[in-house]
Amino acid sequence: MNPVRHDSLQFTTRRTFLSGAGQFSLGAIALQALQGTSTAMPVTDNPMAPRVTHHAAKAKRVIYLHMSGAPPHLDLFDYKPELVKHDGQNCPDSILKGRTFAFTTGVPKLMGTPRSFKQYGKAGMWMSDACPNFHTIADEITMVRSMHTDQFNHAPAELLLFTGHTRQGRPSMGSWATYGLGTENQDLPGFVTLISSGTQPSGGQGLWGSGFIPSVYQGVQCRSKGDPVLYASDPAGMSRNLRRRTLDALKELNEQQAAELGHAETVTRIAQYELAYRMQMSVPEVMDISKEPAKVIEDYGAKPGEASFANNCLLARRLVEKGVRFVQLFDWGWDFHGTSEASGITDGLTKKMAETDKPVAALIKDLKQRGLLEDTLIIWGGEFGRTPFREGRTAASKVLGRDHYPDCFTLFMAGGGVKSGFDYGSTDELGFSVAEKKVHVHDFQATVMHLLGFDHERFTYRFQGRNYRLTDVHGHVVKDLLA
């Protein structure tokens, strides 16, 4: 008997065998017999090969623009004249009762927005003076004003938004998308993450991790300055030919191990080594924004050779244009507590929006001009909202700020099968709760999966004896948002 095979079998318990049997486990076989079809995506030699979805997809790709820290929606999109009218008054006890806040105790003061609001676009969409470039895309977006979540701290709220669960270890939305769709360009990752403002999001790398599904579907973090992908370059002294010979030898060894043990991660390892080799040629080219026309660079406010959110927006367009399925942009600096001038909702918000709303507006216009917006879903938003009252720690400060607030917030979407120039949902007159058309984070996830061509209840991955999905056991598609 082969000693390697014998040792591996010796340490395989019945439970390990049954849980790792995947589609051939007794539970999976029984479930497939009951349903008549498999819930999993078909297995191929190439794990990133394009795949067929449950129904015709409206969106072929996604660009998710996450403002990490949670933008103050009441000072950007959700205009509340009654809150302005009662500015400085004590917050009603009836509203505070039973609620917990991150940094506020006692009886806080209501705070109307200091920003000026007007209506824009054919739908008369309310927006503030803090986001002048968003005014120009009002007719392209769907504004969802009735979002709510279960979490009021950054890390668990971001994990819930991107993985469907508040703890690390679940596959991220981008990983689910690439697992289900594959990729259109085998020389580039199917899922790319870009970070600006020098800080990773509070939820950490789990926001683009693959969790328990094969790691070939995790996001690849790229940089807009320096080497696009860390550790992808050939080591010093290694020629391209030697690199190829080394990978061929490793591939043979991994194929032998895959044939012996049948572990999915061994197949992933082969695919990742090959992708890294191809990426050494393709990634530097697609990440070089200096090749763009001067007018395009100016429109985005990008600066070739530097690291910025504007550069990342332009890179996102170049990546999806080349066939990348899911591009995730994280921009830190949206935690507007008012603990400093930079985190205040007057000058601080003005400066932060000046860095971001121009490239976002340029991205949407650029995609539309190139005929890509129709099947590219754009999402802009944070992980929760901000309170209609002053942050407790800064109540005596001249700098205005707001605390974390999960009960209602705003995000917007564009392209990819959603309505354009459309307002959805509303909050009450003081901005404390959703008044109509509630959209939970799981409903939002279900809608994104639907736009990508998946029934979120059937789109599952079997792990440890049960089927998992992005929406856990919740979520409904918000059909009113669909074009």
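Ground rules. Numbering starts from 1 along each chain as its sequence is written, and side-chain values use heavy atoms, with hydrogens and water left out. Because the model is predicted, local features need pLDDT of at least 70 and side-chain atom pairs pLDDT 80 or more, while totals for chains, interfaces and linings use all residues.

Rings come up now. I count 30 aromatic pairs. A pair means Phe, Tyr or Trp rings (for Trp, the six-membered one) with centres within 6.5 Å; planes under 30 degrees apart are stacked, over 60 edge-to-face, the rest tilted.

Take Trp176 and Phe459. Their ring centres are 5.4 Å apart and the planes meet at 65°, so this pair is edge-to-face. Trp176 belongs to helix 7, residues 173-181, and Phe459 to the loop between helix 13 (441-451) and strand 16 (461-463), so the contact ties together parts 283 residues apart in sequence. Helices (H or I, at least four residues) and strands (E, at least two) are DSSP runs, numbered from the N terminus. Both Trp176 and Phe459 are buried. Buried is under 20% relative accessible area, exposed over 50%, partly exposed in between, with a 1.4 Å probe and protein chains only.

Phe459 also pairs with Tyr179. That one is stacked: 5.8 Å between centres, 10° between planes. Tyr179 is in helix 7 too, so this pair links parts 280 residues apart in sequence. Tyr179 is buried.

Where does this lead? Trp176, Tyr179 and Phe459 sit in one aromatic cluster with Phe212, Tyr217, Phe454, Tyr461, Phe463 and Tyr468.

Charges next. The charged end of Arg466 sits over the ring of Tyr468, 3.9 Å from its centre. Lys419 lies over the face of Phe422, at 4.6 Å. The test: NZ of Lys or CZ of Arg within 6 Å of the ring centre and within 35 degrees of the ring normal.

Back to helix 13. Of its 11 residues, 10 are buried, so the rest of the structure largely encloses this helix. Among them are His442, Asp443 and Gln445. Gly453 follows helix 13, with a positive phi near 100°.

Last, a cavity. The lining includes Trp380, Phe384 and Phe409.

Terms used. On a 1 Å grid over the protein atoms alone, a cavity is a set of points where a 1.4 Å probe fits but cannot get out, and a pocket is an open set with protein on both sides within 12 Å along at least five of seven lines; lining residues have an atom within 4 Å of a point.
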